[in-house]
Amino acid sequence: MTLRKHTPTVGFVSLGCPKNTVDSEMILTRLRAEGYLISNDYAGADLVVVNTCGFIDDAVAESLDCIGEALNENGKVIVTGCLGAKGNVVRDTHPSVLAVTGPQATQEVMEHIHAQLPPVHEPFIDLVPPQGIRITPQHYAYLKISEGCNHHCSFCIIPDLRGRLVSRPIGDVLQEAEALASAGVKELLIVSQDTSAYGVDVKYRTGFHGGRPVKTRLFELCQALGELGIWVRLHYVYPYPSVDQLLPLMAEGKILPYLDVPFQHASPKILKLMQRPASSENNLARIKAWRAVCPDITIRSTFITGFPGETEADFEELLSFLEEAQLDRVGAFAYSPVEGAAANELPGALPLEVREERRRLLLEFQEDISTQRLEARIGRRMRVLVDEVDEDGALARSPGDAPEIDGLVYVTDGHDLPVGEFVEVEITDCDVHDLYARRLTD
Ligand code: SF4
């Protein structure tokens, strides 16, 4: 009788932003390709990998807690991700971790795993699906097009953690997109630190896809992705003039009429202190021009309140911008100093209560605008993507709703709709964030 070998099993915890999710998926794909099993709990794993976030203090605390929990429950822990790149923070708090790496370190993480837990090589069963292993639901996927960032926003340390912009070859990106679409993915979420800068680092080099030359540039990428016949949603786009070229693709239905543009502020003085990309652009004029080409566009943005030096007048300017811009979706964060960020040295730091109060006021101010924008959709017919079905009906998303950050479309009579498929609905009602709809049968 042959004794079957124990299959090495790895527990995996993925924290942080979608870019981290992509890193996690790359490691998970390698693990499965090499025959490791993935455990959903600490007890069933031979060791645990924790992919951490180190962006703000709360994320650091969450990551350190999670490492502590994995050590208590399992004992063998490898740490990767942004927190791993922040000096000795991990080792100082948890000296017993087996290894620590920074972000985008698939190879290094695999080497540490091999050292602790060698793979059992079984070539006939070590199969991995061609689209890799994903941790998002089956019907949508994040597609990372570049790593790093060439900017120096004064509140951010991502360029220190992740390095300068490195664009993935366009042929690789398109190949991955095609594999995902063939595997049944219905929506691609394009992510990077600065999506509009795709290809700048390689001077928009010409790559190849399907035997044809194609430039490493966002417009060409969107054109090609638009041929896949699935939803393509752009995140982290800065309002550069080059973005205007994408609007006709949205108006023609090639890519979703959706832009996630982190404006962060509207006062030129604060934008300058923040050292934001495209800070000298006239954003209101740009938004107007986008809407002229594609009236259905949903614009999402985030803002920081209480940045050092922000006066009442600067904050008022931000509210006036919101009034004029009529953005569809807005997120806001009270400024929070990040260890190592240049903004910590700026004069005029504001007390936490002021930063929080302005955040509250901003969100309250935006509520009416967001509601009115949604109200304008009542009575319209829409194509939505079903995420989930429960006893109250189907939870779906419209072209204007990115998963996890935007609202939902509640299809109240959608109890038997297929999850992960597109369906036609008519919008019947709304509240501040969400739409309500009934299904259409024809
Ligand atoms: S654009 Fe600014 S906020 Fe975004 S990653 Fe680069 S430096 Fe950070």
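Two strands count as paired if DSSP finds at least two bridges between them. Helices (H or I, at least four residues) and strands (E, at least two) are DSSP runs, numbered from the N terminus. This is a predicted model: local features need pLDDT of at least 70, side-chain atom pairs count only at pLDDT 80 or more, and totals for chains, interfaces and linings use all residues. Residues are numbered from 1 along each chain as its sequence is written, and side-chain values use heavy atoms, with hydrogens and water left out.

**Barrel**

- Five strands close into a barrel, in the order β16-β17-β18-β20-β19. Their pairing is mixed.
- From one strand to the next, the twist averages 50°. Here axes are lines fitted to C-alpha atoms, and angles run from 0 to 180 degrees between N-to-C directions.
- Strands β19 (residues 422-430) and β20 (residues 435-439) run antiparallel and are joined by five bridges.
- V425 faces R439 of β20 across this pairing.

**Strand β9 and its partners**

- Strands of a sheet pair through backbone hydrogen bonds, either parallel or antiparallel.
- β6 and β9 run parallel, joined by five bridges. L143 has I190 in β9 as its bridge partner.
- β9 also pairs with strand β12 (residues 231-234), in the parallel sense, over four bridges. There, L189 stands opposite R233 in β12.
- Five of the five residues of β9 are buried (under 20% relative accessible area; exposed is over 50% and partly exposed lies in between, with a 1.4 Å probe and protein chains only).
- Both faces of β9 are covered. E187, L189 and V191 are buried on one side, L188 and I190 on the other.

**Helix α6**

- Helix α6 (residues 170-182) has 13 residues. From first C-alpha to last it reaches 18 Å, close to the 18 Å expected at 1.5 Å a residue. The expected span is 1.5 Å times one less than the number of residues.
- Buried residues in α6 are I170, G171, V173, L174, A177 and L180.
- Their cover includes β6 (140-144), β9 (187-191), β10 (206-209), β11 (212-215) and α7 (218-225); contact means heavy atoms within 4.5 Å.

**Ligand shell**

- C149, H151, C153, F155, C156, I158, P159, Q193, Y238 and R276 surround the ligand. A residue is near a molecule if one of its heavy atoms lies within 4 Å of it.
- The shell divides into seven nonpolar, two polar and one charged residue. Ala, Val, Leu, Ile, Met, Phe, Trp, Tyr, Cys and Pro count as nonpolar, Asp, Glu, Lys and Arg as charged, and the others, Gly among them, as polar.
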